[in-house]
Every structure is written in C-alpha cells, then in structure tokens.
Amino acid sequence: MERWSGRVAVVTGASAGIGAAIAKELVKKGLKVVGLARRVERVQELEKSLKSAPGKLYPIKCDVTKEEEVKEAFKWVKDNLGGTDILINNAGVASINTLRDGPVENWRKIFDLNVLALSICTKEALQSMKEKGVDDGHIIHINGVSGHKVIYQFAMCSASKHSVTALTEGLRRELVNQKSKIRVTSVSPGAVTTEIGEAAGATPEMTAMFKDMPFLAAEDVADAVLYVLGVPPHVQIHELMIKPVGEVE
C-alpha cells in the first residue's frame, strides 16, 4: 500500500458501515480520502477521530443519485486535491420486495443508487484520472454475493448487483481496448453486519430468523479492499468474493 500514500481516493457512502470502514483504513495508510455521503455530519465525526492518522479525510455532502452533485464533488476533488486516483463505489441500498407486489418506487431507488449512481461516479472518476494523467488508477465496486445469485425477496436487488457484475467486466474490456493500466475490481461480500438490513425494511421476525447466521464485519470488507489495492500493478483482481465461515448460501 506504500505506493498509494499521499494519493487521492473517493469513497461513496462513507457515513457508516463498509464505506466508513474503508475510508478509515485508507486514511490510516496515508491516503487523502474524500468521503461522499448525504449524512455528511457522520463523516465529519469520523474525520475528527482520524486527526493523528498519516492521511486525511475530507467529508463532502453528496447524494450520488443526483448527477449534478456528483459532478460538483469531483470538481471539488480536482480543484482542491488535483484529481482522483482511486474510486470506491460503496453506496448501495437493499429493499425487501417482490416482482408481484413491488412497490415500484423501491425498484427505482435500487437501480438509481446501485447501478446509475455507480456508473455516473465511475464516469466522473475516469474523466478525473484522464485529466490528472493517471494511468495506474483503480476503481472498486462493492458488489455482493447477490450479484452472482438470486436471493428470495431481494430479486430486484440481485438484478441490480448482477448489473454491477456486468459493468465491472464491461469496464475492464473498455480499459483493455484503450491499453489503459487502470484496474477495475468487484468485491462481493456475503452477509455483513451493517445498518443496511434496517434500511431494507427487515421485520423483527426476519431479524430473529437471521440472528444465528454468521456475518462478516465491515472491517473485513475494508481489509479486502486494502488487499485488492495492495497487489502489484500488473495484477488484476477482477472479482473477489468473501463470505463468513459457515455461510450456507
């Protein structure tokens, strides 16, 4: 990770869970980390706890489902830090619903955040890397095991994550065609203990059903991201799937 020290990483959804854990570990490794989140006050609190770290965290309020806010955020990165070297597309949402009942509004939210926002952030990061003259940058999508299978009552979420899997391969081929050394990686965790279950609308009955399941910690996913970034520049980790020991699915 020494070669990344002093360079710039943008982390979306940095206010809690996996995003906060990734931002924290990157700052500890000496990176300048721009943490994008709607709940920017949480990123500001995290920044205060990292004052003595080798790197620095820059909290930026940004709803990544709004293209203009994303563009403004990346402009801030260019104007203040010189541009982007790493993008961690972490922001995402899950929602319990069915194809029979919907609700349709939940479907829109899932695809707006998990697919379109991820794609817009990727586009802006690639443009930033080009303007900065970066040819060894890295884009990491926090995907999920649901990007490789379908989970009951989460079919729409699975569809969005399958899209992330396809977009990862699509971008890899684009970069190969351009003879670029920028790398793209999909990191697909299994069950992780975060706030996303609550946000997804899990009922007390569902929470009780899952209480004995094994879970990863957000820090485990952050460790996986550090591993992916830390391999030699000629190594392309295209897909990394990590599960807690004992996960059945």
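Asp136 pairs up with Arg7 in a salt bridge, with the closest N and O atoms 2.8 Å apart; a salt bridge here is a side-chain nitrogen of Lys or Arg within 4 Å of a carboxyl oxygen of Asp or Glu. Asp136 sits in the loop between helix 4 (104-132) and strand 5, while Arg7 sits in the segment before strand 1, so the pair ties together parts that are 129 residues apart in sequence. This is a predicted model, so local features need pLDDT of at least 70 and side-chain atom pairs count only at pLDDT 80 or more, whereas totals for chains, interfaces and linings use all residues. Residues are numbered from 1 along each chain as its sequence is written, and side-chain values use heavy atoms, with hydrogens and water left out.

As for cover, Arg7 is buried at a relative accessible area of 18%, and Asp85 is buried at 2%. Asp136, at 28% relative accessibility, counts as partly exposed. The cut-offs are these: buried means under 20% relative accessible area, exposed over 50%, and partly exposed in between (1.4 Å probe, protein chains only).

A search of the whole structure turns up 14 salt bridges. One of them joins Glu25 and Lys28, with the closest N and O atoms 3.7 Å apart. These two residues are three apart in helix 1 (residues 17-28), which puts about one helical turn between Glu25 and Lys28. Glu25 counts as buried at 19% relative accessibility, whereas Lys28 is partly exposed at 41%. Elsewhere, salt bridges with shared partners connect Arg7, Asp85, Lys132 and Asp136 into one network.

Stepping back to the whole chain, there are eight helices and seven strands. Helices (H or I, at least four residues) and strands (E, at least two) are DSSP runs, numbered from the N terminus. A compact globule of 249 residues would have a radius of gyration near 18 Å, and the protein chain agrees with that at 17 Å; the radius is taken over C-alpha atoms, and the globule rule is 2.2 Å times the number of residues to the power 0.38. Of the 249 residues, 49% count as buried.

The accessible surface of the chain comes to about 12,400 Å², and 55% of it belongs to carbon and sulfur atoms. Such areas come from the Shrake-Rupley method with a 1.4 Å probe; for residues, only the protein chains shown count as cover. On the charge side, there are 32 positive and 31 negative side chains, and the centres of the two sets lie 4 Å apart. Lys and Arg count as positive and Asp and Glu as negative, with His and the chain ends not counted; each charge is placed at NZ of Lys, CZ of Arg, CG of Asp or CD of Glu.

Next come two buried residues. Asp63, in the loop between strand 3 (56-61) and helix 3 (67-81), is buried yet has no salt bridge, and the nearest side chain of opposite charge, Lys66, is 4.1 Å away. Not counting residues up to four places away in sequence, Asp63 touches Arg38, Glu69 and Val70. Ile140, in strand 5 (residues 138-142), counts as buried at 0% relative accessibility. Beyond its neighbours within four places in sequence, Ile140 is in contact with Leu87, Ile88, Asn89, Thr185, Val187, Val225, Val228 and Leu229.

The backbone has some details worth a look too. A cis peptide bond joins Gly102 and Pro103, with omega at about 5 degrees, and Pro103 is found in the loop between strand 4 and helix 4. Lys179 has a phi near 55 degrees, a positive value in a residue other than glycine. Lys179 lies in the loop between helix 5 (155-177) and strand 6 (183-189), and is exposed, with a relative accessible area of 72%.

Technical notes: Contact means heavy atoms within 4.5 Å.
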